Amino acid sequence: MSKMDEGNQSLVSEFVLLGLAHSQNLQALLFMMFLMLYLLIVSGNIVIMVLISTDPHLHSPMYFLLANLSFVDMWLSSVTTPKMITDFFREKKTISFSGCMSQIFFAHCIAAGEMVLLVVMAYDRYIAICKPLHYLAIMNLKRCTGLVLTSWTIGFVHALSHLVVIVELPFCSPMEIDSFFCDMPLVIKLACMDSHNLDILMYADCGVVGVTCFILLLISYTYILITVHQSSKGGASKALSTCTAHITVVMIFFVPCIFIYVWPLNITWLDKFLAVFYSVFTPLLNPAIYTLRNKEMKNAMKRFINNYIDSQGKS
């Protein structure tokens, strides 16, 4: 690895990732655990996408957005988890400069896109509960598609704004990142310059997306809960169940991101835990929360299994 004598970032060939643990026995245990979790994430989110795309009962705006959330969650975990799993048995955990920049870009693109998508899902529930007579007219396929594309566009612009700054930074040895992936705050610390202004820029950029989305979500669900409280008990129970699932997903995704990128605590073990939580456990919990708490999804699963058994019986 080249030392940055001249401050020329093009001389950087790779970074060293220190990972989650140094004990061989612990790394073997973590390998098995995260491999199983990642397989569950991919299979669980694929099942949701297949059910929603194949079951006519689920062809509604809410499930269209849920399928997109599953797609985003699967890729959010895939940015960092496969690399982390394969690194457990490597003595020297390295990542190329281009690989590091790719992780930073896609992690922020997908995470910011998911934040906006969660706002869109809250807006969908707001229209469904507060303006039910106009729901299908407002949340038509064209608008839903446009809102999903908007979430991806905001995520792309957000990630690109970080990337254009960080690729031009001059880095100094040692090129060690005390994490399991190229996390932007840790990469900035390797720069051969005072990173205070860069930190402020990063917190501001992340804060604009993260805090704005979080505030919009709080406002949306406050209106929804007030409306649910004032409505009839029968409809309120179903609406409250759906909103509780949404709010749970919002909290388990936003809280770690805020404490890493907007209001950092700068505690290494806690930062690693929060990074694992939003990149592994959130994509795992989302399908579990939406399927186990959702009667229509459970019925769709039963129909899918019965149709599969019938088709096997006929063949």
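Reader: Which element gives the most to the lining of the second largest pocket?

Author: Helix α9 gives the most, with four residues. This is a predicted model, in which local features need pLDDT of at least 70 and side-chain atom pairs count only at pLDDT 80 or more, while totals for chains, interfaces and linings use all residues. Residues are numbered from 1 along each chain as its sequence is written, and side-chain values use heavy atoms, with hydrogens and water left out.

Reader: What is a pocket, and what is a lining residue?

Author: On a 1 Å grid over the protein atoms alone, a pocket is an open set of points with protein on both sides within 12 Å along at least five of seven lines, whereas a cavity is a set of points where a 1.4 Å probe fits but cannot get out; lining residues have an atom within 4 Å of a point. Grid points are joined across faces, edges and corners, and a volume is the space filled by probe spheres set on the points. In this structure the second largest pocket holds about 290 Å³ of space. It is lined by 19 residues, and those closest to its centre are Pro185, Leu186, Lys189, Asn266 and Asp271. Two or more lining residues come from each of β3, α6, α7 and α9 (268-292); such helices (H or I, at least four residues) and strands (E, at least two) are DSSP runs, numbered from the N terminus.

Reader: How many cavities of 30 Å³ or more does a search of the whole structure find?

Author: The search finds two, and about 140 Å³ of space lies in the largest cavity. Of the 14 residues lining the largest cavity, His108, Met115, His158, Cys206 and Tyr261 lie nearest its centre. The elements that contribute two or more residues to this lining are α3, α7 and α8 (233-262), and α3 has the largest share, with five residues.

Reader: How do the strands of a sheet pair?

Author: Strands of a sheet pair through backbone hydrogen bonds, either parallel or antiparallel. The rule used here is that two strands pair if DSSP finds at least two bridges between them. In this model three strands form an open sheet with mixed pairing, in the order β2-β1-β3. Strands β2 (94-96) and β3 (176-177) are the edge strands, each pairing on one side only. Strand β1 (residues 14-17) pairs with β3 in the parallel sense over two bridges, and Leu17 stands opposite Ile177 in β3. The pairing of β1 with β2 is antiparallel, over three bridges, and there Phe15 has Ile95 of β2 as its bridge partner.

Reader: Which helix lies across β1, β2 and β3?

Author: Helix α3 (residues 97-130) lies across these three strands and runs at about 85° to β2. For reading that angle, axes are lines fitted to C-alpha atoms, for helices over the stretch in contact (heavy atoms within 4.5 Å), and angles run from 0 to 180 degrees between N-to-C directions.

Reader: What is a disulfide here, and how many does the rule count?

Author: A disulfide is a pair of cysteine sulfur atoms within 2.5 Å, and by this rule the count comes to two. In one of them, the sulfur atoms of Cys100 and Cys182 are 2.1 Å apart, and the disulfide is left-handed because the torsion about its S-S bond is about -120°. The pair links distant parts of the chain, with Cys100 in helix α3 and Cys182 in the loop between β3 and α6 (184-188), 82 residues apart. Cys172 and Cys192 form a disulfide with their sulfur atoms 1.4 Å apart, and a torsion of about 140° about the S-S bond makes this disulfide right-handed. Cys172 lies in the loop between α5 (141-166) and β3, and Cys192 in the loop between α6 and α7 (196-230), so the pair ties together parts that are 20 residues apart in sequence. With bonded cysteines counted along the chain, the disulfides follow the pattern 1-3, 2-4.

Reader: Are these cysteines buried or exposed?

Author: Buried means under 20% relative accessible area, exposed over 50%, and partly exposed in between (1.4 Å probe, protein chains only). Cys100 counts as buried because its relative accessibility is 0%, and Cys182 is buried at 1%. Cys172, at 28%, is partly exposed, as is Cys192 at 29%.

Reader: Why is the sulfur of Cys257 too far for a bond?

Author: The closest cysteine sulfur, in Cys206, is 8.9 Å away, which is too far for a bond. Cys257 is buried, with a relative accessible area of 4%.
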